Amino acid sequence: SMKLDATDLRYVTSDEFRVLTAVEMGSKNHEVVPTVLIVQISGLRNGGVNKIIGSLAKRNLVAKVQNSKYDGYRLTYGGYDYLAMRALSKRDSMYSVGNQIGVGKESDIYIVADLEGNEMVLKLHRLGRVSFRAIKQKRDYMGKRKSASWMYMSRLAAQKEWAFMKVLHEHGFPVPRPIDQARHCIVMEFIDAYPLRQIDEVPSPGKLYSQLMDIIVRFARAGLIHGDYNEFNILIRRDTGEPIVIDFPQMVSTSHENAEWYFNRDVECIRRFFRRRFRYESAIYPRFRSTMNEAGEDDFQLDVVVSASGFGRKEMKVLEEYMETTKEEQNSEGSEESSDEEEEEEEEDEEVGEASDADDAIPEFTEGPSSSKTAYDVTDGTPS
Ligand code: ADP
Ligand code: MG
């Protein structure tokens, strides 16, 4: 697949890295980074930069944009992926990239390995893949950050997921062990499991049902609601059958104004799935009010712990508004989630002529999971 191409990762010289970083820095306040600014930030000679930038563009790490006012470049997902993976490999959090195991609407999942060959999971957040049309109309919440777009939102999603996964893991919740985070990426423990979605039979549906409801209750007593608690985000360990919960960018606090609604939706997702898949129905299921009333004095308030840990309320709010906006957008396009079918990703033709936005910098994602068995190292920023 093009965005995690071995040759791209190996043959980036230190000057190329400088230029790539300059494009990233420049895009903090320019949707299209003017070539002169790239030259300035990189501190390299003018002619040198032009040549380097051409070679980065050829490898899809940056994309040229012809604007009405000036020509410039912007970072592509490929470029952003490269910068994140380079950071992770410099810290020895990962060494090689293997197969892609998941393509979500808003993430790509790869198997990666460390130097000893231990397998882990790399999740690359891809917010803004679906469409930025709604965001363009609703930019106000971004304040001055007009050029924020996919890079900023994807990074926020990763930071949020990281913050939650960390506190949940530290407090003994059944979630993957978080390993590292950089930009829009998270490295975590690989769980040898099947998503509940793929499981047709379990030894005891009643037991699994109560395990899953217990987790909802434990979350709530710790001040948290998963927010997307369904058969796709629950993994069933292959060896023990134990459920592991994943996918946290939409978690909310139990003090959220719509907390009860989110809580009920999580509960109802499980109930519906068990009815349909296992013909299992129970009159017993958790209620928000009583769950909250039973929360003990010494239950940890993990929502508070998270907001103190660097992912604050402001960041939560920005991400939440983004997610609401894209949800409205998706629903109005008719891709309601009530369908039992796997949803095909909708490819959209973006309006041409609006060269100032980030969406067409996103590479094509039409290919399925790659079948390649090639693993390659990403530690090397310079050719040997
Ligand atoms: P998305 O936000 O795109 O839904 P998820 O975090 O839910 O991303 O991951 C998508 C899929 O990737 C999961 O359904 C699961 O099959 C696989 N996956 C994700 N994390 C792990 C993990 N730690 N171990 C094993 N498989 C995983
Ligand atoms: Mg998911």
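Domain bounds here come from an automatic or database domain assignment. The model is predicted: local features need pLDDT of at least 70, side-chain atom pairs count only at pLDDT 80 or more, and totals for chains, interfaces and linings use all residues. Residues are numbered from 1 along each chain as its sequence is written, and chains are lettered from A and ligands numbered from 1 in the order in which they are written.

**Exercise 1. Domains and overall content**

State into which domains the protein is divided, and how many helices and strands it has.

Solution. 
- Step 1: The division gives domain 1 (1–86) and domain 2 (192–332).
- Step 2: Taken over C-alpha atoms, the domain centres are separated by 40 Å.
- Step 3: There are twelve helices and 14 strands, each a DSSP run (helices H or I, at least four residues; strands E, at least two) numbered from the N terminus.
- Step 4: Of the 384 residues, 37% are buried. A residue is buried if 20 or more other C-beta atoms, placed from the backbone, lie within 10 Å of its own; it is exposed with 12 or fewer, and partly exposed in between.

**Exercise 2. Helix α3**

Find the buried residues of helix α3 and state what they pack against.

Solution. 
- Step 1: In α3 (residues 35–42), the buried residues are L37, I38 and S42.
- Step 2: Viewed down the axis of α3, these residues fall within an arc of 125°, so they line one face of the helix. The arc is that of the directions from the helix axis to the C-beta atoms.
- Step 3: Their packing partners are α2 (14–26), β1 (33–34), α4 (46–58) and β3 (71–75). Contact requires C-beta atoms, placed from the backbone, within 7 Å.
- Step 4: After α3 comes G43, with a positive phi near 70°.

**Exercise 3. The largest nonpolar core**

Solution. 
- Step 1: Such a core is a set of buried Ala, Val, Leu, Ile, Met, Phe, Trp, Tyr and Cys residues joined through C-beta atoms within 7 Å.
- Step 2: The largest has 88 residues, and V23 and I38 are among those with the most contacts inside it.
- Step 3: At least three residues come from each of domain 1 (1–86) and domain 2 (192–332).
- Step 4: Leaving out residues up to four places away in sequence, V23 touches V33, I38, V62, Y73, R74, L75 and G79.

How values were computed: Contact = placed C-beta atoms within 7 Å.
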